[in-house]
Structures are given as C-alpha cells and as structure tokens.
Amino acid sequence: MHKHNLQQALIHTDPWASLRAFTAARIALGRTGTAIPLQEVLSFRMAHAHARDAVYSLLQVEPLTQQLTVLGLPVNQLHSQAADRHEYLQRPDKGRRLNEGSVAQLMGNNSPYTSDAAIAIILADGLSATAVNHHAVPLLSQLIPLLQNINLRLLPVSLVQQGRVAIGDEIAMLQQATLVVVLIGERPGLSSPDSLGIYITYQPRVGLTDEARNCISNVRPEGLSYQAAADKLYWLIRESLRLRVSGVELKDQEGLLNG
Amino acid sequence: MIYNTTIGNITYNFIDLKTVLAKATPYRSGDALAGLTAESYEERVAAQIVLADIPLQQFLQEVVIPYETDEITRLIIDTHDTQAFAPVAHFTVGELRDWLLSDAADSEMLRYIARGLTPEMVAAVSKLMRNQDLISVARKCEVVTKFRNTLGLKGRFSVRLQPNHATDDIKGIAASMVDGLLYGSGDAVIGINPATDSPAMTTQLLQMMDELRQQFEIPTQTCVLCHITTALSIMPQAPVDLVFQSIGGTEKTNSSFGVNLSILAEAQQAALSLNRGTVGNHVMYFETGQGSSLSASAHAGVDQQTCEARAYAVARQFSPLLVNTVVGFIGPEYLYDGKQITRAALEDHFCGKLMGLPMGVDVCYTNHAEADQDDMDNLLTLLGVAGCNYIMGIPGADDIMLNYQSTSFHDALYLRKVLGLRPAPEFEAWLMRQGIINETGELQKVDKQHKLLQSSW
C-alpha cells in the first residue's frame, strides 16, 4: 500500500487519459521527470518479449500432423534450405527453397497427374510459428468442408519449418497444383505476436513475387476471425480458379465485384 | 586504375572501384546477402588500405553504375561543382578523412565543399571512419531549412510527430497528435503514414491536420506520407505543405518506388506554387534507408551504404525541408542487430550532413531484428551528440500501424534534457505560450481545461 502511494506521488499523470478511447496507441502515459513510468516500461517490455518469443517459437510438427490427419488430410513434413533461425533471418533466399531431402520426399510420393484443379495447402512457420500452432487448424476446420462441398481435389498438406511465403511455389510445382494456399506466421507486432497470414497464388511456380498473390492478413481471434477468414479465402479460391488469375488482377476484379 | 595491396604473402586484387567500396564496408548482413562483402577480416582491412590511397579525382573518372544506364549517375556527374571541389580536389580518400577531422574543416568550410563531394566520395570516406569520427564531423555541419519554422540550428533538436492509426481513424490520429503536442513534439512536421494510400483519405487527413494547425496557430508543417503521385493528384485543392517520397540511390530502385527525377521535379514545382510556407520554401520530405536497392534487386553490384549515399544526391537536387533514413525498419537481412543498425545510422547521418542535407533518423527496429529499446537509447544519444536534426516521436515508441518500434515523445524530452537541446525557435515560443514548457524547456503540468483538450471530441 505504501509502495503504491509513493509511486503515485512520483508520477505526473496526464489529464487526457479519456482520449485512449479513440486509439490503441500508447498515449497519456504520464511521466516521472521526462521518463515513461515503470509500469508502462514493463508492459512494453512484456509485449516485446512476446514478440521475440514468437520469432523463435517452433512449429509443433507432430501435434499439427495429428490434428490434420483427424481432418482427413495427409501430411508432408518438410524443411527449407535455412538450417536454423539465425540463417533464416539473414538469408531470405534460403527460406524460399526446399532442402534436398524435402524435394526428394515430394518427388517420391507424387500422385498421378490429372487435369482437374488441385489445391496445395502449405503451413509454414514464417516469423511466428506460434501463429500457425494456434490458428492454422481452427481455420482449416472451417475451410476444408467448404472446399469438399464443391469437390475440389486437395493435395497432401505440407508442414514447412524455416519457410517463407515463396516456398509454397516450389512445393506446389512439385505437387502439380493448380493453386497454392500458404498459411504463415506474420512478423509479430507488439500487440500481435500470433497473427496468421494467408497467401493465395494461381499456377504457382518458382520465381513469382508478391504481385502474383492475394493476401489475407491478421487472422487471429482479436483480428480477423476464423469464420470470416475462411469465407474470404473460399471466395478468393473460387474466383481465382474461375478467372484463372491471382494477385493484382484478381484484386481489381474484387473491386469491380464489390463496386 | 589498379586496386591491389599485399598483406604478408597474399596480394589482394580488387577488380574495380565499386568492389573496393563494397569490400571496405564494415560488415552488415545485407552486403553478405548480396554476395558483396569481404571474405575475411583481413580482406576488409586490405580493401580499406587500398581505398585510403585512391585520389578523389578517380571518383569523377570511374562511376559505380554506368552514366548511360542510370539517371542518378548522370545527375551526380552533371551537377558536380568543380569550384566547391577545389579545396579537396588534390586529396586521396584517406587524406580527406584526416582533413575532415582537422580544425581547418570548420562548419563554414564544410558547407562550402558540400556540392563538390559526390555521394561515392562521401560513402568512401565514411568507410574509413570510426563511429567517433562520423559523430565529430557530422557535428560540425549545420544544415538549416525553413517552411513555417526554422529547423537544424545548432543547439536545437526537433521531432516529427507520427500519430499513425491502423485504420486512419480521424479521432484516433487527433488523439495521438494532441498527446505529442502536449509532450513538446511536432516541430519538424506532423506526419501521418496513411494505412490507405487514396486521394480521398489523404485529403481528409490533410484537412483535419490543417484545421488543427490553424485553430491553435501552431508554427509547424503537416504531411501525409502518401505516394508522390497521390499528392500530385490532390494539389492544388488539398492543403499540401510538404510533398513526401521514399527514394533510393539507383534509377531502378526509384522505378520500383514508381518515381523518377522528373516526377520529383514536377511535384516540387506543384508544392512551391501553393506558396504555403511562411519563413521559407523547402517543400520536400524524403525517406531513405540502406537495403532498399537490394530489396528491389536494383543494386547493380554496389554495396548498400554507397547506394544509400547516392539517394542523398537525389534528395539534395530538390532542396528538402527534411530527409530521414529509416534505419532499422527494413529488417535483419539488411541490418542484423543493434550494432549494425547503430553503425548504419551514424554513416547515413554523416553522409547526408556532409552532402548538405537536413538529416533526421528514424531510430528504429522490427521485432525480428536483434535489437531492443536499449539499442535505441544508445543510438538516440549518439545522434544527439552528432547534431541530428530530428527523430520520430511516436506514442510510447510503438507504431500501431507500421508495427515497429521507434522513439517516443519521452525519448525526445530525455535527449533535449541531457544534452541541453531546444525545439525549433518558433515552435519553442509557441510551446511556452501554450504553457506546455517553461523558459528552461521543462515540461509543465497541463490541466483538463487546456485548450488543446477542449476540441470537439
């Protein structure tokens, strides 16, 4: 009690705390001297700690494999050319390509090619494995039944460690997919250590860049809900297959349709 | 020219000037990613030994990107001022370093030679300098610019108030603006990074800021950091004080940003014709950052720090009010940790100042970089000593729209206090009239009745 009173006496509070209702920004923090009060320093530090832990979190390969199997989806466990997080952070090129073992694995179990549209689904850790560990399966639980209803052929799901978005292009090529959906952990923000991003690419092939993709961002309970994300993803997949495009061209179409 | 040196029984041969520059650069992840960095510690110092003996004249003979294929090389060569170059024309890079640190190179002399130095010369000498050297030479440079107030005077230190909001909510942005103003920030500019780069949204944000500025008679300028073509599309109707653009140091980098020298010139003319400045007419605001050329696959084999210095040649062509390097935003594949970010920031600040630019620094990092607020505190303090014109002021250092950490209003107050620095004079007088600071610059207690808090919320 004494400690609390002393802290209150030392800290200049700001009489505009009511403005916090308008923004999530860290306003009206008060001060001691010119410094930010300790309580806020610790809360900031904790948010940063969560973000840092998310960057170094590991994909829970076995539990995810089990959960996906329950959904009826066979799983390939793959790894990029980036050996570890240290290399992953400094060599984005290596995070975009599969290592030799993973290539051999995919070449080995290729199903015979058929002309109907096939969807490759990739789960990659990206910059927050936590996001994938938390949100990928709940999202797929909503999406898979929608895709099965329209008889889309689903290829085995790939779980990729140390992967970036573009690694989906190589995997999808090896799987002979028509379209690839990559679920990946986004760069953690201070208030969002577990934000999942989704990238859709039509006729994926190695060497494509961001303008060839459509993106759904910030999938997590505090952001875009699983249901809303699944609905949007389902719509994008159908439109992409129908119009045979993805990326900037599909976005333009989206504008026209909405307008 | 032949670039080689022998260390022990190894002879190091460097094929051309750009290779010497790249290999002489202190280690950073971006140059390693581009495959340009020295292969050993010894090779790096060997390259520095070679670099030290290269005459500055050689930089006018051997360009790092061909004149024929790059409009920035053409700009650098065609605008080189031989008269300004004369006092240093006989130096090697190494002699330039020693001269810059001598008492002969005072503020006036440094201002005189600025247009005689090409970005490659400035980048080259910075590679030979320790952090201490970068600080003490930059500190001697004074670059003053004006629009509605006077920025960059010795003993002054300004802040860009950055009131971003994830969905461009007008009240949310206004709340952060009021917070920043009451903490003494906003003299460099009040500048919003919009979440949506549309003409309608940009106009709406500009109008809101302009009304607030006029209502409280704040001697500062406002800016929405939209793409330059968006700004062009809304002038002259919208209240555009400053035209913003991200720029890089190669023609191809700028193409990836959707700009070129002629668009920049067109925008500058459009903003000048609005005649909105009161004490000066510096109407351009540029952001840069090491790594942007590599990121756009447009570095042409030139190291990222030399590319960055070339961006300053673009900037100075348009007499900007503000230039800042967004040093830690690009990520660890370009600048891995606090050490690399700190070094890059001091290089950028030095190179920009020596070339005559009003340099600020966004002292910042992302959550996947090996850095934290302690690194920012260190860098902030170093830059204050180096005489940096301004930093960013963001509520609690946490940008909720761009998702990165920079510096806070509190951080700016800390620096002003420990180094005895003051806001821009016109803005300082306004802060005193508002009862926000007293004559000694101390923050005053503000009550609920303060008129900045009486807007229609």
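Which residues does B:Thr25 touch, not counting residues up to four places away in sequence? In this predicted model, in which local features need pLDDT of at least 70, side-chain atom pairs count only at pLDDT 80 or more, and totals for chains, interfaces and linings use all residues, B:Thr25 touches B:Asp31, B:Arg44, B:Lys127 and B:Asp303, a contact being heavy atoms within 4.5 Å. Residues are numbered from 1 along each chain as its sequence is written, chains are lettered from A and ligands numbered from 1 in the order in which they are written, and side-chain values use heavy atoms, with hydrogens and water left out.

B:Thr25 is placed in the loop between α1 (17-24) and α2 (29-33) of chain B, where helices (H or I, at least four residues) and strands (E, at least two) are DSSP runs numbered from the N terminus. With a relative accessible area of 1%, B:Thr25 is buried; buried means under 20% relative accessible area, exposed over 50%, and partly exposed in between, for a 1.4 Å probe and protein chains only. The C-alpha atoms of B:Thr25 and B:Pro236 are separated by 45 Å, the two residues being 211 residues apart along the chain.

Over all chains, the structure holds 6 aromatic pairs, counted where ring centres of Phe, Tyr and Trp (its six-membered ring) lie within 6.5 Å, with planes under 30 degrees apart taken as stacked, over 60 as edge-to-face and the rest as tilted. One of them is the edge-to-face pair of B:Phe244 and B:Tyr285, at 5.3 Å centre to centre and 75° between the planes. Because B:Phe244 lies in strand β8 (residues 243-246) and B:Tyr285 in strand β9 (residues 284-288) of chain B, this pair ties together parts that are 41 residues apart in sequence. B:Phe244 is buried at 7% relative accessibility, and B:Tyr285 is buried at 0%.

B:Phe329 and B:Tyr404 also form an edge-to-face pair, with 4.9 Å centre to centre and 80° between the planes. B:Phe329 lies in the loop between β10 (322-326) and α18 (338-354) of chain B and B:Tyr404 in strand β14 (residues 404-405), so the pair ties together parts 75 residues apart in sequence. B:Phe329 is partly exposed at 30% relative accessibility, whereas B:Tyr404 is buried, with a relative accessible area of 1%. The charged end of A:Arg187 sits over the ring of B:Phe329, 5.7 Å from its centre, the criterion being NZ of Lys or CZ of Arg within 6 Å of the ring centre and within 35 degrees of the ring normal.

Two further residues of chain B have a positive phi without being glycine. Phi is near 55° for B:Asp168, a buried residue at 3% relative accessibility in the loop between β5 (158-161) and α11 (170-182) of chain B. For B:Asn275, phi is likewise near 55°, but B:Asn275 is exposed, with a relative accessible area of 65%, and is placed in the loop between α15 (261-274) and β9 of chain B.
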